[in-house]
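Let's take a walk through this protein together. Please have the sequence and the model open as you read.

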Amino acid sequence: MNTFNWKRIVIKVGSALIAPKNQGCSSHFLLGIAQFIVKCRAKGIEVVLVSSGSVAAGRHLFKGETENIAIKKAMAAAGQTEMMATWDRLFDFPSAQILLTHGDLRDRERYVSIRETIFTLLENGIIPIINENDTVTTDNLRVGDNDNLAAMVAGAADADSLIICSDIDGLYDKNPHTHDDAKLLSWVSVIDEDIYKMAGGATSATGTGGMRTKIEAAEKAVSHGIDTFIVNGFTEITFNMLLEGKNPGTHFQPYETPMKEHEHWMKHTSKEQGVVVVDNDVDISALDDEESLTSDEILEIKGSFSVGDTVLVRKDDGTRLAKARSNYSSCLLTFIAEQTDQDFANEFQRQTGPIISEKNIALLEKQ
């Protein structure tokens, strides 16, 4: 692939590259990555950097402390400034820090605001450096790993390519740390269950993401039409090959027909706040605003959600049909679904409007 076709890329760098010995930040492995970023910008390619490492960078400041949640948040707070300072020393252009939680990404208004901020920074020659806000995030608001965060950012940034740095050359058919005959897959055209089976757990003591999260991230990105690479971030030759238009690791082929931006956000970024269980005979792909989901097709409402929240629509047999924006609260939806007078329920829905609008639904291919 010719990198001159890239207009904007996202590169994800993990904790093991930032603080390989848990003794604060080290430029040992970062220098080659920084030089790659500088060369990309010289070619007119815009770069967004997703950088893990705040906890790993701050760990050495809390020696002897039991690593509970509060200590890890403190490590993140202390380490984030050191990490940003390290990157800033490696660049001869300005950088900007963006700290996110999943709560920021799954809220449509805040998501659009993030997009606008990234675009404005890039237009002014400033590189956005993005990390999960570990200091304030909770389990409910947490993405959990920066591989998936990078894929969400790549979608938000309308990137052409996502480059995920790993500690191995890419995806192997077996775990190369335990199997000498493991073979590198240089090209993946379809991400299916067989591909996921090849992904093992995390092998790094400093990071939270293993190969499986990288595959998840790749699946998110390629569905948005984004070329995705898993490469070895510890070797300089990786980045030289990328600049030459060569594949140094595993290249995941993007969808020929990418998902629309709003549908991609709904499916891969927005988090469902509840579940709408429908009759097994419902064909949600055939629904539109004229033939909307009706109250008599709804069997059960699970969870508590408000108007505008994302919900999962699934059949009674467990089949996942779609993620969608609900035009009703869980309370109101339960009320009309429980009506024994169907004429009343239908008239109520006719006056109030569709339960789910056609423009706010993302079908789930994997059933």
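Are tyrosine 111 and tryptophan 265 buried or exposed? Both tyrosine 111 and tryptophan 265 are buried.

Before going further, a word on confidence. What you are looking at is a predicted model. Its average pLDDT is 87, and 92% of the residues score at least 70. The stretch to treat with care is residues 202-209, where the pLDDT is below 50; beyond near neighbours in sequence, this stretch has 15 contacts in the model. Where pLDDT is low, the predicted coordinates should not be read in detail.

Now for the aromatic rings. The model holds six aromatic pairs. In one of them, the ring centres of phenylalanine 36 and phenylalanine 239 lie 5.3 Å apart with the planes at 45°, so this pair counts as tilted. Phenylalanine 36 belongs to helix α2 (residues 30-42) and phenylalanine 239 to helix α10 (residues 236-243), so the pair links distant parts of the chain, 203 residues apart. Phenylalanine 36 and phenylalanine 239 are both buried.

The two residues from the opening question form a pair as well. The rings of tyrosine 111 and tryptophan 265 have centres 6.1 Å apart and planes at 45°, so they too are tilted. Here the link runs between helix α6 (residues 108-123), which holds tyrosine 111, and helix α11 (residues 261-269), which holds tryptophan 265; the two residues are 154 apart in the chain.

Elsewhere, ring pairs join Trp87, Phe91 and Phe93 into a cluster. Phenylalanine 93 also has a charge over its ring, for the charged end of arginine 41 sits 3.6 Å from the ring centre.

Next, turn to helix α7 (residues 146-156), where you will find aspartate 147. Of the 11 residues of α7, 11 are buried, so the helix is largely enclosed by the rest of the structure. Among them are Asn146, Leu149, Met152 and Val153. Aspartate 147 counts as buried because its relative accessibility is 1%, under the 20% cut-off. At the start of α7, a side-chain oxygen of aspartate 145 reaches to within 3.1 Å of the backbone nitrogen of aspartate 147. After the helix comes aspartate 158, whose phi is positive, near 55°.

What does the side chain of aspartate 147 make a polar contact with? Its partner is the side chain of lysine 214, at 3.3 Å. Lysine 214 is one of the buried residues of α9, which also include Met211, Ile215, Glu219 and Lys220. In α9, 10 of the 12 residues are buried, so this helix is also largely enclosed by the rest of the structure. The geometry of α9 (residues 211-222) can be checked as well: at 1.5 Å a residue, its 12 residues should span 16 Å, and the end C-alpha atoms are 16 Å apart, which agrees.

Glutamate 338 counts as exposed because its relative accessibility is 61%, over the 50% cut-off. Isoleucine 298 is 40 residues from glutamate 338 in sequence, and the two are 9.0 Å apart in space, C-alpha to C-alpha.

How values were computed: Residues numbered from 1 in each chain as written. Predicted model: local features only at pLDDT ≥ 70, side-chain atom pairs only at ≥ 80, totals over all residues. Heavy atoms only, no water. pLDDT = per-residue confidence, 0-100. Contact = heavy atoms within 4.5 Å. Phe/Tyr/Trp six-rings, centres within 6.5 Å; stacked < 30°, edge-to-face > 60°. Helix = DSSP H or I, 4+ residues; strand = E, 2+ residues; numbered from the N terminus. Buried < 20%, exposed > 50% of the residue type's maximum accessible area, 1.4 Å probe, protein only. Lys NZ or Arg CZ within 6 Å of the ring centre and 35° of its normal. Polar contact = N/O pair within 3.5 Å; in protein donor to acceptor, adjacent residues only side chain to side chain. Expected span 1.5 Å × (residues − 1).
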